[in-house]
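Hi everyone, thanks for coming. Let me bring up the structure, and then we can walk through it together.

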Amino acid sequence: MSTAANISSPASAESVIALLRELAKPLAMENVSLSEALQRVLREPALAPEDQPAFDRSAVDGFAVRLDDARTEFQIVEEIRAGDWKPRELQLGEAVKISTGGALPGAGLQIVMREDAEVSDERLRVTQREPETNIRFRGDDCRAGQILVERGTTLSHGMLAVLASVGHAKPLVTRRPRAVHFATGNEIIPPEQTPQRGQIRDSNSILVRTFLEKWSAEFTQHRLPEDESAAKYQISNIKSEIETADLLLISGGASVGEHDFTRRLLEDLGFEILVSKTTLRPGKPLIVARRGKQIAFGLPGNPLAHFVCLNLFARTVLDSFNGATPKELFQRGVLAGKLEADGNARETFWPAIAELKAGRMELKPLRWSSSGDLTSLAQANALVRVVAGEMNLVAGAEVEFVATDC
Ligand code: AMP
Ligand code: MG
């Protein structure tokens with residue numbers, strides 16, 4: 001592996017991302033119903049099988065009359081409602097009552113709007129004749145064979161409506177990634193409980209859960225005891241879950257402390273450790289490992305570090321698994337305020353608010369002082385990349401950032 005395989009020295013964000021892109025290959029494909037396809041990646045282009053609309057339709061409620069018939073009084077000879085198919089050749093002086101969406105009886109017609117007409121018995125009097133035909137002609141929206149949604153697109157609700165309209169009821173998409181998440185740490189208690197002294201509420205599990213949900217992953221979450229052999233025993237009880245997972249996430253215990261056993265646990269499962277530390281701030285104690293096509297992360301327990309690693313690295317893996325057309329992870333923007341970088345020797349990912357203003361992304365840096373600080377996440381939707389050694393970045397400076405609300 002060219003990038004960062006088997007490194008014992010700390011890896012940069014760049015090299016970890018490159019490594020993950022190399023490791024994570026698009027998962028298998030499956031056909032799913034439209035109601036299951038939101039946020040899934042389309043793996044074949046969706047073409048229009050026929051012109052859309054497929055027939056000339058009335059755009060309004062009104063009366064079809066011949067374009068070449070300039071009179072104001074007509075005889076109503078037929079009614080066409082949406083869903084009807086009643087072809088007929090209109091004679092001079094004839095009109096057909098037609099509903100919005102109704103198929104036109106023939107060519108060379110115009111629809112007089114209901115609002116521009118008076119009707120008594122079967123007689124129609126046109127009070128105003130607009131120049132518009134008020135017809136949606138066959139092929140107005142798209143032509144047969146036209147690509148409507150490109151391969152590699154993440155399906156939005158609008159796209160699903162398009163697919164439905166042309167009969168792509170079972171689009172071919174990437175299967176959902178499968179993940180298993182373990183939270184470690186004896187100090188961790190569920191959010192609904194009141195911590196005793198020394199305990200803290202588990203904020204990482206919900207972070208991971210909702211992050212995985214955004215990526216349409218199927219996943220399970222478990223707590224692992226801090227005791228290494230007890231943890232290994234617990235894992236042995238869910239072997240099949242681990243065997244079928246594409247992604248393993250272990251929160252906490254990724255460092256080098258006596259009780260930090262994530263590395264040993266992964267090695268025990270037959271994973272090859274590829275990264276054991278990074279040059280990032282926050283996010284230094286990060287483990288990246290692989291076993292065949294499976295990828296595992298030992299994530300730093302500190303919530304902000306957790307957030308950074310999920311948004312940079314787990315996201316890169318899920319993106320590659322998805323088989324979406326590759327997008328740049330880093331975008332460019334300008335700082336909306338001063339960023340006090342203090343010359344830190346480590347590349348920093350700084351929580352910020354990204355906002356589109358006058359056509360450019362502006363980034364407002366948020367306050368944080370440690371990787372354990374969490375409150376900035378109440379506002380952050382971006383991480384600004386601050387290069388190692390940077391002292392201070394002034395308002396207006398051009399920066400790179402990663403959006404975290406995607
Ligand atoms: P660790 O990575 O296990 O050394 O943990 C680093 C810090 O993150 C410690 O202060 C932990 O208490 C904290 N931490 C670990 N797991 C969680 C979690 N699930 N939620 C919130 N904080 C955590
Ligand atoms: Mg711990």
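Let me start with a question: where is Pro-53 found? Pro-53 is in the loop between strand S2 (46-47) and strand S3 (57-58); strands here are DSSP runs of E with at least two residues, helices are runs of H or I with at least four, and both are numbered from the N terminus.

Some housekeeping before I go on. This is a predicted model, where local features need pLDDT of at least 70 and side-chain atom pairs count only at pLDDT 80 or more, while totals for chains, interfaces and linings use all residues. Residues are numbered from 1 along each chain as its sequence is written, chains are lettered from A and ligands numbered from 1 in the order in which they are written, and side-chain values use heavy atoms, with hydrogens and water left out.

Back to the backbone. Gln-52 and Pro-53 are joined by a cis peptide bond, with omega about -15 degrees. Arg-281 to Pro-282 is a cis peptide bond too, and omega there is near -10 degrees. Pro-282 lies in the loop between strand S19 (280-281) and strand S20 (287-291). Then there is Asp-121, not a glycine, yet with a positive phi of about 50 degrees; look for Asp-121 in the loop between strand S8 (117-120) and strand S9 (123-126). I mention these because most residues other than glycine have a negative phi, and most peptide bonds are trans.

Now, the ligand. Ligand 1 is surrounded by 14 residues, the closest being Glu-187, Asp-202, Gly-253, Gly-301 and Asn-302; to count, a residue needs a heavy atom within 4 Å. This shell has four nonpolar, seven polar and three charged residues, where Ala, Val, Leu, Ile, Met, Phe, Trp, Tyr, Cys and Pro are nonpolar, Asp, Glu, Lys and Arg are charged, and the others, Gly among them, are polar.

Which atoms come together? A polar side-chain atom of Asp-202 lies 2.8 Å from a nitrogen atom of ligand 1. A polar backbone atom of Ser-203 is 3.1 Å from a nitrogen atom of the ligand, and a backbone N or O atom of Asn-302 lies 3.0 Å from a ligand oxygen atom. Taken alone, ligand 1 exposes 480 Å², and the protein buries 78% of that (Shrake-Rupley areas with a 1.4 Å probe).

And where does ligand 1 sit? In the largest pocket, meaning that more than half of its atoms lie within 2 Å of the pocket's grid points. On a 1 Å grid over the protein atoms alone, a pocket is an open set of points with protein on both sides within 12 Å along at least five of seven lines, and lining residues have an atom within 4 Å of a point. The largest pocket is lined by 31 residues, with Glu-187, Gly-252, Pro-300, Gly-301 and Asn-302 nearest its centre. Strand S13 (178-184), strand S15 (200-201) and helix H7 (303-322) each supply at least two lining residues.

Notes:
A polar contact is a pair of N or O atoms within 3.5 Å; within protein, one must be able to donate a hydrogen and the other to accept it, and residues adjacent in sequence count only if both atoms are side-chain atoms. On a 1 Å grid over the protein atoms alone, a cavity is a set of points where a 1.4 Å probe fits but cannot get out, and a pocket is an open set with protein on both sides within 12 Å along at least five of seven lines; lining residues have an atom within 4 Å of a point.
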